[in-house]
Amino acid sequence: MILLLRNRGKDDMKIHRIRNAVVLCTLTVLMCIFSCFGIRVQAEDAMDKLRIGFLLEGQYGYLDENGDYRGFDAEMAQELALYGDFEAELVPFLTINDALNALDSGKVSMLIDFGRTSDRETRFLYSERQLITSPLKLFARADDNRFAYGDLNQLNGMRIACMNGVDYDQSLIEQCSKAGVTVQLVYYDNHVQMKASLDGGGVDAVLTGTFTPAGYKTVFSFGTNSSYLMFRLDDTATKSRIDKAMARLEADQPLKTTQIYEKYVNSIVTGTTSYTDAEQAYLSTHSIATVALVENAPPFVIRQGGSLTGIVPDFY
């Protein structure tokens with residue numbers, strides 16, 4: 001009887017040890033799970049958010065039917081967030097001055113797609129790399145026949161709309177000064193106001209550093225305008241972070257910025273054709289144009305039976 005009790009005691013001890021081992025293993029597994037979960041949450045929390053200001057300006061920034069921001073600036077901000085390992089919160093502005101004030105006060109971390117001016121260089125930092133370079137141009141109403149393309153002298157005495165806060169207005173003034181032409185610049189807060197003034201006859205043409213919108217025609221082109229990202233003077237950390245993100249993006253996808261620009265801006269068919277006086281005179285008397293080609297010069301010109309194909313015939 002005593003031997004039996006001893007055996008039962010040994011069995012109970014074995015069961016107790018096994019039970020403890022199971023509990024210990026279970027706790028170890030749970031600790032590993034919670035530890036991994038904690039690391040994952042910590043990693044997610046480590047991705048901070050940067051507020052990026054941009055202008056609501058046509059194909060550069062707009063709100064789509066789903067309530068999402070689209071356009072060149074909006075998509076470029078998301079690309080930089082991907083390469084900079086942060087979350088981008090897009091903050092739209094209607095005017096340049098509102099955006100600059102928001103950056104100055106710290107309401108946004110940076111501004112995207114803004115030109116460089118001597119005044120801003122005393123107040124803000126710029127990215128090391130340019131974001132994009134676009135042509136400077138003047139556009140007028142499509143039905144305004146006073147203009148012949150490329151003739152600067154025709155602008156003499158005209159009122160030209162320009163946006164507040166840009167620096168390329170000085171480029172136009174320099175061009176006109178060299179040609180002995182005098183223009184009156186009238187400043188507005190955004191492109192919507194400028195086009196409304198143009199349509200209402202308040203100005204004769206609009207100066208822009210972007211594309212010519214549909215329903216208008218380009219009458220003069222000159223120079224280019226480069227844009228950058230802007231930061232507060234004391235925020236060298238964010239500037240360094242974005243500079244590195246831009247470098248990684250350029251190294252990984254050298255054509256990405258150009259592709260996004262083509263997607264939203266250059267791919268949009270805008271404006272109408274503007275001709276010089278000589279071109280208009282020629283077209284009025286020549287309804288059919290005869291073009292001389294070098295025959296059988298593939299891939300430019302290819303004869304197939306009685307017709308011509310290839311790059312040049314397809315162009316015409």
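So, the largest nonpolar core here has 46 residues. By nonpolar core I mean buried Ala, Val, Leu, Ile, Met, Phe, Trp, Tyr and Cys residues joined through side-chain atoms within 4.5 Å. Buried is under 20% relative accessible area, exposed is over 50%, and partly exposed is in between, using a 1.4 Å probe and protein chains only. The members touching the most others include Leu111, Leu172 and Met230. Strand β11 gives the largest share of this core, six residues. Apart from it there's another core, of 30 residues, with Tyr60 and Ile242 among them.

Quick word on the source: this is a predicted model, where local features need pLDDT of at least 70, side-chain atom pairs count only at pLDDT 80 or more, and totals for chains, interfaces and linings use all residues. Residues are numbered from 1 along each chain as its sequence is written, and side-chain values use heavy atoms, leaving out hydrogens and water.

Now, helix α5, residues 169-179. Helices (H or I, at least four residues) and strands (E, at least two) are DSSP runs, numbered from the N terminus. Which residues of α5 are buried? Asp169, Leu172 and Cys176.

Last, some backbone. Most residues other than glycine have a negative phi. Aspartate 113, in strand β5, has a positive one, near 70°, and is buried at 15% relative accessible area. Aspartate 85 has a phi near 60°, but is partly exposed at 49%.
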